[in-house]
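Please read the points below with the model open beside you.

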Amino acid sequence: MRFFIGAKMTKLNREQFKAVLAERCGSDICEKLDSAVVGIAGLGGLGSNVAMALARAGIGKLVIADFDTVEPSNLNRQNYSVSQLGCDKVAATTENLKQINPYVNIDRFSGKLTAENIPDVFSSCSIIAECFDKVDQKKMLIETALCEMDKTIVVAASGLAGYGKSNDIKTRKINSRLIMTGDGKSGIENNLPLFAARVIIAAGHQANAIIELIIETT
Amino acid sequence: MAILKINGTDKNFDILPAALTDLLVQMKIDAATVVAEIDGRIIKRSDFATEKICEGQKIELIRLVGGG
């Protein structure tokens, strides 16, 4: 694909863009990823980084949801820039994703996710990444998706605060519909600070588990 | 003596807890911070008090901590 060298990405059409991905991963894998629809519940440190990894991988459609705006305190770990302070996180994430993969389809939900609206918001998704900050929200998403939705798989995260101990962060399959990432114990309740370095490890585990699910099970 | 397999380990009980809520109290686990799976079924928080515990069940208690 030498003819792409030096070409501006904005000049690549959808087919050319897909061809670049296919050259890296193979067309079979790219087709699976392109056909996938993945939900991202929460666009903080986990969600903003999971979204970027999935867009780079060539996931066809992302359903992104958050109620919040970008604040200065987010910049230590969340994938936003100073110019996006005050912006709706859904809009800011959309802007960032389109810079990386202009052809990723994005369904946007700017609002509070609840047990009542989650099945509807993520109805098109085969997989949901649980990327909330608070324990009660994490629990609500996992229980709602697994009890109220038929086949949706949840890839959740618990235990990613602090620093060091990179290898304590694991991916664990609980059952056919629930995968947990994180170390299971390092929480903000313990007054541990959050750093991008460790949050991104957990987000990487989530995105990696999602890519594996799509490639291995579809 | 009754046995439950909790998070992969056999645990002995002189008296089996009646419901999931009782098991969590006995294990000093806050129900608000755990996702519970019994024999492959995820139990919703609202059903913790009525979910009966039976001998031999395989129970996963997934502790959730904050941060994201």
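In what order do the 5 strands of the open sheet in chain B lie?

1. The order is β2-β1-β5-β3-β4 in chain B, and the pairing is mixed; strands are DSSP runs (E, at least two residues), numbered from the N terminus, and two of them pair if DSSP finds at least two bridges between them. This is a predicted model, in which local features need pLDDT of at least 70 and side-chain atom pairs count only at pLDDT 80 or more, while totals for chains, interfaces and linings use all residues. Residues are numbered from 1 along each chain as its sequence is written, with chains lettered from A and ligands numbered from 1 in the order in which they are written.

2. Within this sheet, β1 (residues 2–6) of chain B runs parallel to β5(B), joined by 2 bridges, and Ile6(B) stands opposite Ile59(B) in β5(B).

3. The contact between the chains takes 31 residues from chain A and 16 residues from chain B, where contact asks that C-beta atoms, placed from the backbone, lie within 7 Å. On the side of chain B that touches chain A, β3 (34–38) and β5 (58–63) of chain B each supply at least two residues, and β5(B) gives the most, with 3 residues.

4. In chain A, the axes of helix α3 (residues 45–57) and helix α4 (residues 89–100) come within 9 Å and cross at roughly 25°; helices are DSSP runs of H or I, at least four residues, and axes are lines fitted to C-alpha atoms over the stretch in contact, with angles from 0 to 180 degrees between N-to-C directions. Therefore α3(A) is roughly parallel to α4(A), a word used for angles under 35 degrees.

Terms used:
Two residues are in contact if their C-beta atoms, placed from the backbone, lie within 7 Å. Angles under 35 degrees count as roughly parallel, over 145 as roughly antiparallel, 65 to 115 as roughly perpendicular and the rest as oblique.
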